[in-house]
Amino acid sequence: MIILGYNGFSRVAELFGKLYGYTQDSVDRHSFLGHDAAAALFIDGELVAAVEEERMNRQKKTTAFPANAMRWCLDQAGLDYGDVDYYAFGWQFSAEFADSAIVRLANAPIPPEYKFQAIAGFGELYTGAFSKTAILEDFARHTGHTLPEEKLITVPHHRAHLACGRTFAGFGDAAFIISDGQAEQDSAIMGEIRDGRVTVFEQFTIDSANSIAQLFAEITRYLGFTPNNDEYKVMGLGGFGEPPEKNPFLSEVVSFDGPGRYSLALANDPRGPRAYLGLFDEIFGGNDGNRDDFDFKVRVAAAAQQMLEEVTAHQLRALAEATDLRDLIYEGGVALNCVNNTKLLEDLSFERVEVSFGASDPGVSIGAAAHVAREKNIPIAPATSPYLGPEYGAEEIRATLDGYADSLTWEELPDGAIVTKTAELLSGKTVIGWFQGRTEYGPRALGNRSILANPSHADMKDVINTRVKHREPFRPFAPIVLEEDAHRVFVMGKKERSPYMTFVFPVRPEYTETIAAATHVDATSRIQTVTDESNPRLARLLREFTALTDVPCLVNTSFNVAGEPIVCSPKDAVECFLGTDIDYLVLGDFLVTKR
């Protein structure tokens, strides 16, 4: 059976701009539903291809219909649109959802004229993008293929997240929490999978108005960053200080309402999430004179991080009481907060916690297809690899380089020699763009589209932030390490491995100077562990680099500049190389330098 999962609405950006003032140039440019558009192909239960549309159209977190991603996945398998048995879409805006949304708007505590405006706006959004009819029309408009209605299966958004997590966790029976900005009408669900059956514990479901992720997004906006994109910057800033002794978020904004439940102070405010911005000024003493001060931002960020940790721990303590299962699947945008993930694992009674590389919305395309496969009783083949996207051979690389002959020089090294040469270059104070094999899936660079450097140079973080990435100087970098060396360098606690950069670990004191550029100010690192099976060439590079330097890690950051998607093609890589101060580019077996 052939199932193609996807996410993305071509008209959402247009409609959100018209109805709510969100535009592609505004700070809300990543706040549209359907962001992280992508496509993923399963054949007889095996995930054979997946790629995000942003890697193809070069629009970060795009909401566009994933026409390029879909076409690439089908071409990989030699298929056309009509060959697919089912298309699985990672949202389900049913007629029942529409009815309940209208009732909520009609009962909202706002004047009648605003109710009519809100209901009319919702109607335009629903008929223009969210209904099954609109989704089918969108498909036909972008593919030229008329999709029979019975071939389109809409999957509830959180169920798609859960199915993605199940695909990569390697668990049978497990508890789960899915927490993100919003699904169709909820922001978080919890439950368990037992004997293959999914049970949602409805008493723990949190609606969208009380979304901790949306509150964190408003804090992100308040600190001068882009909501639904830069929340990791808030997490990183929090490491520079301690939260206030009395955290205003926990005393003035969040209320705990019994086991597993919480509510937000302004959840029903007719002004929506923006209402919090004035409250933040009030509880933190913010004003035009101090909001941009680094120390002020750190104080707010540290308080926000503690709030998120307290809320999710409160949820998961209740889940642990409600189930005897001690494996946990954690997915949704909140699961990208890797500092929180580690604390939840170490402080609560769950023995194993897994967060996939597709935990945020890129994962719903994989998850939607996996969900449909299970519904059709198709067993899902075990999967662990994030390397699911396009790969480019020597001829394609050479043809790309020929087009830049005025700017570049290069040499092709014999098989394996490129690894040895790269290890030698990295032993110095060198920054290298590393482009190998199939592009990884999800928001993290996992060693195939990466920028690499020697972490033993303490100022390498500043060099890459300013000369290469063009981003804020406080931003930390992550290390890659052989799985067999990870426990020697990091305090791994309950974790044996961390292949997807979704957990952080304390750096052992004897290594904080050795990997200074990959150690955050709080002496932790968000690591990626590598094995010979998971990424043979990268594992060999680590071994040769360590043998030369006695440094057991490399700095690994995404191959892009701030605001751009991670590179996908050789052309993307060359353009990024030429536009930055990266010293060398390694494209497959080609070592590239600038003229």
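**Cysteines and cores**

Modeller: Searching the whole structure turns up 0 disulfides, a disulfide being a pair of cysteine sulfur atoms within 2.5 Å. In general, a disulfide is a covalent bond between the sulfur atoms of two cysteines. Before going on, note that this is a predicted model, where local features need pLDDT of at least 70 and side-chain atom pairs count only at pLDDT 80 or more, while totals for chains, interfaces and linings use all residues. Residues are numbered from 1 along each chain as its sequence is written, and side-chain values use heavy atoms, with hydrogens and water left out.

Take cysteine 164: the nearest cysteine sulfur belongs to cysteine 73 and is 14 Å away. Cysteine 164 is also buried, at 0% relative accessibility (buried means under 20% relative accessible area, exposed over 50%, and partly exposed in between, using a 1.4 Å probe and protein chains only). Cysteine 338 is in no disulfide either, and the nearest cysteine sulfur, on cysteine 553, is 16 Å off. With a relative accessible area of 1%, cysteine 338 is buried.

Cysteine 553 turns up again as a contact of phenylalanine 490 (contact means heavy atoms within 4.5 Å). Skipping neighbours within four places in sequence, phenylalanine 490 also touches residues including Pro479, Phe505, Arg508 and Ile527.

That brings us to the nonpolar cores. A nonpolar core is a set of buried Ala, Val, Leu, Ile, Met, Phe, Trp, Tyr and Cys residues joined through side-chain atoms within 4.5 Å. The largest one here has 89 residues, and Leu215, Phe249 and Phe490 touch the most other members. Helix H12 (residues 294-322) gives the largest share of this core, 14 residues; helices (H or I, at least four residues) and strands (E, at least two) are DSSP runs, numbered from the N terminus. There's also a second, separate core of 42 residues, with Leu4, Val12, Phe16 and Tyr87 among them.

Threonine 220 sits in helix H8 (residues 212-222) and is buried, with 0% relative accessible area. Not counting residues up to four places away in sequence, threonine 220 touches Phe225, Thr226, Pro227, Asp230, Glu231 and Val234. Threonine 400 belongs to helix H15 (residues 394-402) and is buried too, with a relative accessible area of 17%. Leaving out residues up to four places away in sequence, threonine 400 touches Pro570, Lys571 and Val574.
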